[in-house]
Amino acid sequence: MKNLTATADIEATVTETGTKYAVTLPDDGSLDGNAEEATYNDDYVGTIPSNDYNDLFDYQVQYRPTDGSGTWEDATMNEEEFTIPAGEIEGPVELQISSKTLKDGITVNVTEFVDGDSAAIMLIEVTGLEQCNFEGNAMIKSTDYDSLVYLTQDARIANASDLEAAKAAAIELLSSTTTQADTVARTGENGYDVNCDYVTGGAVDIYDASAAFAAAKQDYILDATTMKLYLRADVTGDKMLNVLDYSAIQEYLLGASN
């Protein structure tokens with residue numbers, strides 16, 4: 001079967017069904033694994049690679065002629081699958097992912113948790129999910145903040161021009177996971193130990209105050225072990241760790257507050 005298209009009064013082009021056209025995939029590898037050829041008059045169907053597609057994001061794939069003669073057009077999206085309808089490809093084309101947006105109901109927030117002379121500690125919060133990874137590490141479920149949280153000194157976030165830029169950088173480092181999140185809370189099992197030192201259980205004591213003060217000064221190296229200590233040391237619950245948290249524990253110990 002042949003398709004005849006008139007291009008001028010005395011010229012005509014003939015495209016035969018089954019003709020193959022080259023498909024150029026993005027250089028960043030975001031669509032690796034998809035076919036590098038499309039067949040004229042057939043749907044071109046591809047997928048977002050499994051390592052990129054997850055429950056966090058919606059994607060939009062676009063296509064245009066490789067020579068840049070046309071505009072970018074949206075492919076039809078269905079979860080991780082995309083389709084370029086039959087008849088839309090009439091020559092070599094190139095693909096790109098034009099957008100990657102958080103799914104409805106998921107929010108991300110970034111704030112400065114501990115001010116630092118050399119590197120601030122930033123608080124990443126995610127709501128709308130039961131578990132999530134940040135840079136491949138499981139986020140922690142904070143019962144006090146009612147969100148998934150993670151603390152980081154990643155320069156892409158800590159040194160961003162503003163919090164919106166920091167948020168955009170943080171979103172790029174999120175990925176889905178099936179690993180259940182650990183839980184962190186300011187109070188211990190007995191309900192009254194702020195538990196921001198390494199000792200679990202028992203009453204609020206001077207060690208909690210000392211730990212909060214040390215954390216506010218970043219005396220602890222931020223790692224998987226100390227992250228919960230940092231989070232619990234925010235006894236005021238204002239999502240910042242500073243001398244006010246140390247003072248609040250001291251006042252409690254002196255009977256001046258609850």
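## A strand and its buried residue

Which strand does Ile124 lie in? Ile124 belongs to strand β12, which covers residues 121-127. Keep in mind as you look around that this is a predicted model. Ile124 has a relative accessible area of 0%, so it counts as buried. Met139 sits 15 residues away from Ile124 along the chain, and the C-alpha atoms of the two are 9.0 Å apart.

## Charged pairs

Let's move on to salt bridges: the structure has 10 of them. In one, Lys141 pairs up with Glu130, and their closest N and O atoms are 3.3 Å apart. This pair links distant parts of the chain, with Lys141 in strand β15 and Glu130 in the loop between β12 and β13, 11 residues apart. Lys141 is partly exposed because its relative accessible area is 34%, while Glu130, at 52%, is exposed.

Another salt bridge brings together the side chains of Lys228 and Asp182, at 4.0 Å from N to O. Lys228 is in helix α4 and Asp182 is in the loop between β17 and β18, so the pair ties together parts that are 46 residues apart in sequence. Both ends are partly exposed: Lys228 has a relative accessible area of 24%, and Asp182 has one of 48%.

Then there's the salt bridge between the side chains of Lys217 and Asp219, at 3.5 Å from N to O. Lys217 is partly exposed at 47% relative accessibility, and Asp219 is partly exposed at 47% too.

## Patches on the surface

What kind of charge gathers in the surface patch of Asp27, Asp28, Asp32, Glu36 and Glu37? The charge there is negative. Asp32 is in the loop between β3 (20-24) and β4 (37-39), and it is partly exposed because its relative accessibility is 48%. Ser30 is also found in the loop between β3 and β4, but it counts as buried because its relative accessibility is 10%. The side chain of Ser30 makes a polar contact of 2.7 Å with the side chain of Asp28, one of the residues in the negative patch.

There's a nonpolar patch on the surface as well, formed by Ile206, Tyr207, Tyr252 and Leu253. Together they have about 410 Å² of accessible area. Helices α3 and α5 each supply at least two residues of this patch. Ile206 is in helix α3, and at 47% relative accessibility it counts as partly exposed.

## Helix α2

Where does helix α2 run, and which of its residues are buried? The helix spans residues 163-172, and its buried residues are Ala166, Ala169, Ala170 and Ile171. At the start of α2, a side-chain oxygen of Asp162 comes within 3.1 Å of the backbone nitrogen of Glu164.

Most residues other than glycine have a negative phi. Asp146 is not a glycine, yet its phi is positive, at about 55°. You'll find Asp146 in the loop between β15 (140-142) and β16 (147-152), and it counts as exposed because its relative accessibility is 65%.

Gln218 is not a glycine either, and its phi is positive at about 60°. Gln218 is in the loop between α3 (206-216) and α4 (227-232). With 22% relative accessibility, Gln218 counts as partly exposed.

Conventions:
Residues numbered from 1 in each chain as written. Predicted model: local features only at pLDDT ≥ 70, side-chain atom pairs only at ≥ 80, totals over all residues. Heavy atoms only, no water. Patch = residues over 30% accessible without salt bridge, like charges linked within 9 Å, V, L, I, M, F, W, Y side chains within 5 Å. Areas by Shrake-Rupley, 256 points an atom, 1.4 Å probe, with all protein chains shown as cover. Lys, Arg positive; Asp, Glu negative; His and termini not counted. Charge placed at Lys NZ, Arg CZ, Asp CG, Glu CD. Helix = DSSP H or I, 4+ residues; strand = E, 2+ residues; numbered from the N terminus. Buried < 20%, exposed > 50% of the residue type's maximum accessible area, 1.4 Å probe, protein only. Polar contact = N/O pair within 3.5 Å; in protein donor to acceptor, adjacent residues only side chain to side chain.
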